[in-house]
Amino acid sequence: MAVLDDADLPPINSLMRKYRDFPMDFADATLVHTANRERISTVFTTDYSDFSAYRLSANRPFEIVPPR
């Protein structure tokens with residue numbers, strides 16, 4: 001289980017600013033931040049358009065399941 005606390009808010013806010021033209025909502029920013037922090041690169045989602053645009057550290061794309 002991934003736990004978030006006050007220390008996670010600045011990087012989440014930073015992600016929302018980075019993708020503000022997209023825009024990225026708080027839920028997606030939280031998931032992307034947690035994936036980076038926990039070194040998770042696979043995401044199970046039907047939100048293919050958003051998660052194909054988001055990048056992990058070192059500009060790595062998510063592996064999206066199920067594939068489109």
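## A buried aromatic pair

Both Phe-51 and Tyr-54 are buried, a term that stands for under 20% relative accessible area with a 1.4 Å probe, protein chains only. Their ring centres lie 5.1 Å apart with the planes at 80°, so the pair counts as edge-to-face; rings of Phe, Tyr and Trp (its six-membered ring) pair if their centres lie within 6.5 Å, and planes under 30 degrees apart are called stacked, over 60 edge-to-face and the rest tilted.

## Basis of the model

This is a predicted model, in which local features need pLDDT of at least 70 and side-chain atom pairs count only at pLDDT 80 or more, while totals for chains, interfaces and linings use all residues. Residues are numbered from 1 along each chain as its sequence is written, and side-chain values use heavy atoms, with hydrogens and water left out.

## The aromatic cluster

The structure holds 4 aromatic pairs. One of them joins Tyr-19 and Tyr-54 edge-to-face, at 5.1 Å centre to centre and 70° between the planes. This pair links distant parts of the chain, 35 residues apart, with Tyr-19 in the loop between helices H1 (9-18) and H2 (26-38), and Tyr-54 in the loop between helix H3 (48-53) and strand E2 (63-65); helices (H or I, at least four residues) and strands (E, at least two) are DSSP runs, numbered from the N terminus. Tyr-19 and Tyr-54 are both buried, and ring pairs link Tyr-19, Phe-22, Phe-51, Tyr-54 and Phe-62 into a cluster.

## Helix H2

The buried residues of H2 are Asp-28, Ala-29, Thr-30, Val-32, His-33, Thr-34 and Ala-35, and what covers them includes H1 and H3. Just after H2, Arg-39 takes a positive phi of about 60°.

Conventions
Buried < 20%, exposed > 50% of the residue type's maximum accessible area, 1.4 Å probe, protein only. Contact = heavy atoms within 4.5 Å.
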